[in-house]
Structures are given as C-alpha cells and as structure tokens.
Amino acid sequence: MVVLTKPSLEQVCLPTLHKPRSCFSGIPVIDMLEQGAEALLVKACEEFGLFKVTNHGVPMELVARLEDEAVKFFSLPHMEKERSGPANPFGYGNRKIGGNGNVGWLEYLLLEVTSKSISHASLAFLKETYARYFCSVLNEHIQAMRRMTSEVLELMAQGLMIEPRNIFSKVVMDEESDSVLRLNHYPPCPLLLQGLNDTMTGFGEHNDPQLISVLRSNNTSRLEISLRDGTWVSVLPDTESFFINVGDSLQVLTNGRFRSVRHRVATN
C-alpha cells in the first residue's frame with residue numbers, strides 16, 4: 001500500500017468525517033531472523049491480527065524506486081490515468097465506496113500477481129516509453145514481496161506446528177496464485193483543506209478476504225485498526241518495516257485461532 005499526497009480527484013460526494021484516532025504503539029514487532037520468531041508471530045496473529053516484520057530481506061531502495069514511479073503515475077493528468085481503467089477488476093480506478101464503510105477518497109492501481117512477469121501490455125500506460133522502467137521496477141518488487149510473504153507464511157505454519165511447512169506459502173508461489181498488488185493514492189480532500197479538524201475515510205473499514213495482506217505506508221499514520229474491544233486506533237508508521245494483517249481465509253483455516261483484523265485508512 002502506497003500512501004501519497006498528490007493531486008486531488010474530481011469533486012464527488014464526501015464520506016462522513018470523524019475525529020482523528022489516538023496512535024497505538026503496541027503493534028507486535030517480529031524480527032524474521034530472531035530465534036523463536038514463529039511463536040511470537042502466532043501470538044501476534046491471535047491477539048491483534050496485525051504485526052510488523054523487520055529483517056524481511058526486501059531492499060528499501062527497491063521500495064523507494066517503486067514509490068517514486070507510483071508518484072509519477074498518480075501525478076499524470078486524469079485522462080491519461082483513465083487510459084489504464086476502468087479497473088475490471090485490474091487496472092486504474094478511483095472508488096468512492098457508501099456510508100456503511102464503503103465510501104472512500106482514493107485512486108489506485110490494482111495488478112494481478114502471478115509467477116509470470118507483468119508485461120507492457122498489462123495496462124495501457126505501461127506501453128509508453130516513459131513507463132517501461134515502472135514495469136521493470138514492478139516486476140522486481142513483486143518477486144521480492146513474494147519471497148518475503150512466503151517466508152512469513154512458512155513461519156506461521158512452523159509456529160502452528162503444521163506440516164508440510166509450505167502448506168500456506170505454496171498458495172502464494174503457485175502459478176495460479178490469485179495474489180494482487182494494490183497501489184493506493186489518497187489525494188488531498190478539498191473539504192479538509194478548508195481547515196476542518198477532522199479526518200475522512202480514505203478506504204472504508206473492512207476485513208480482507210485472503211490469507212494475509214502486506215501493507216506499506218510511506219511515513220503516514222493513517223492506517224487504523226479495530227482492537228478486540230472495538231476501539232479504533234491509529235497505527236504508527238514504520239518506513240523500514242512491513243505490516244502484515246490476517247485475512248478471513250486464514251482465520252477460517254486456523255478455526256478462529258487467528259484474528260482477521262478490521263481496518264481502514266483515513267485521509268491525511
């Protein structure tokens with residue numbers, strides 16, 4: 001997830017405003033190279049459904065390059081971006097999702113992640129000469145993320161004492177994997193720019209349906225999660241780590257032992 005602050009979207013009906021949430025510093029930190037990391041990971045999935053990983057092996061220089069290319073794309077004129085949409089489900093989209101947690105203020109790129117490389121033909125703008133480097137960085141980033149995600153899932157299986165160790169990770173590495181990469185852009189909101197001391201929903205509250213989601217924030221503390229008591233708190237960003245949240249599928253596969261965390265993103 002890339003959280004940016006670039007040009008605003010066209011004027012739309014705005015979602016409900018709400019007060020900023022207090023920051024929560026208790027998110028578990030899992031050092032993937034630490035002995036016993038698998039047990040700590042399982043505990044984090046049980047208690048919070050969200051944790052962050054360090055020593056993950058993904059070069060931050062690679063992440064920075066991808067974010068730079070994402071900034072360039074979302075800075076393009078609206079008509080140029082629309083050439084890669086509408087998302088169906090993949091491609092460029094801007095969703096304003098309804099008052100039950102479905103209203104949002106964002107635009108995004110949604111890409112299919114498989115064992116095959118993303119080609120210039122995947123999206124219209126990738127055919128342009130200036131976008132070829134973006135395509136190359138996307139493929140490099142995807143491969144690094146697949147490796148890291150596989151290692152996280154294998155630690156989960158190890159912590160749960162499930163055999164074989166790749167029982168979860170093979171889903172990610174399979175040629176028919178249904179994994180996706182989503183680049184989100186949360187533009188400035190005209191109403192908030194008028195000086196209101198509130199935040200607005202960027203991406204409505206929801207649970208993810210898949211096994212896990214890997215989240216990345218570029219130093220913006222707008223990811224919010226719901227704790228077990230229903231309290232919403234803001235997650236402190238960490239530009240050197242990745243956040244992992246448990247999805248509904250993993251909660252089901254562990255018979256409810258792991259907690260699928262409800263979360264959302266507020267505007268900046």
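User: In which loop is P164 found?
Analyst: This is a predicted model, in which local features need pLDDT of at least 70, side-chain atom pairs count only at pLDDT 80 or more, and totals for chains, interfaces and linings use all residues. Residues are numbered from 1 along each chain as its sequence is written, and side-chain values use heavy atoms, with hydrogens and water left out. With elements taken as DSSP runs numbered from the N terminus (helices H or I of at least four residues, strands E of at least two), P164 falls in the loop between α4 and α5.

User: What is the omega of the peptide bond that joins E163 and P164?
Analyst: The bond between E163 and P164 is cis, and P164 belongs to the loop between α4 and α5. The omega of that bond is about -5°.

User: Is M161 buried or exposed?
Analyst: M161 also lies in the loop between α4 and α5, and its phi is near 55°, a positive value in a residue other than glycine. Buried means under 20% relative accessible area, exposed over 50% and partly exposed in between, with a 1.4 Å probe and protein chains only. At 74% relative accessibility, M161 is therefore exposed.

User: What is the relative accessible area of N255?
Analyst: N255 is found in the loop between α6 (248–253) and β13, and its phi, near 55°, is a positive value in a residue other than glycine. N255 is exposed, and its relative accessible area is 75%.

User: Which residues lie nearest the centre of the largest pocket?
Analyst: A pocket is an open set of points on a 1 Å grid over the protein atoms alone, where a 1.4 Å probe fits and protein lies on both sides within 12 Å along at least five of seven lines; its lining residues have an atom within 4 Å of a point. The largest pocket has a volume of about 1100 Å³, volume being the space filled by probe spheres set on grid points that are joined across faces, edges and corners. Of its 40 lining residues, those nearest the centre are V180, Q210, I212, S213 and V214.

User: How many of the residues lining the largest pocket are nonpolar?
Analyst: Elements that give two or more residues to this lining include α4 (132–159), β7 (179–185) and β9 (212–215). Ala, Val, Leu, Ile, Met, Phe, Trp, Tyr, Cys and Pro count as nonpolar, Asp, Glu, Lys and Arg as charged, and the others, Gly among them, as polar. On that basis the lining has nine polar and seven charged residues, and the nonpolar ones number 24.

User: Which residues of β12 are buried on the side that holds N245?
Analyst: In a regular strand the side chains alternate between the two faces of the sheet. Strand β12 (residues 242–246) has five of its five residues buried. One side carries F242, I244 and V246, and the other, likewise buried, carries F243 and N245.

User: Which residue stands opposite N245 where β9 and β12 are joined?
Analyst: Strands pair if DSSP finds at least two bridges between them. β12 pairs in the antiparallel sense with β4 (residues 50–54) over four bridges, and there L50 has N245 as its bridge partner. β9 and β12 also run antiparallel, joined by four bridges, and here the residue opposite N245 is S213.

User: What is the angle between the planes of F73 and Y92?
Analyst: Rings of Phe, Tyr and Trp (its six-membered ring) pair if their centres lie within 6.5 Å, with planes under 30 degrees apart counted as stacked, over 60 as edge-to-face and the rest as tilted; the structure holds three such pairs. F24 and F48 form a tilted pair, 5.9 Å centre to centre with 50° between the planes, and since F24 lies in strand β2 (residues 23–24) and F48 in the loop between α1 (37–47) and β4, the pair ties together parts that are 24 residues apart in sequence. F73 and Y92 are edge-to-face at 5.8 Å centre to centre, and the angle between their planes is 70°.

User: How far from the ring centre of W232 is the charged end of R264?
Analyst: A charge sits over a ring if NZ of Lys or CZ of Arg is within 6 Å of the ring centre and within 35 degrees of the ring normal. R182 sits in this way over Y108, 4.1 Å from the ring centre. For R264 over W232, the distance is 4.0 Å.
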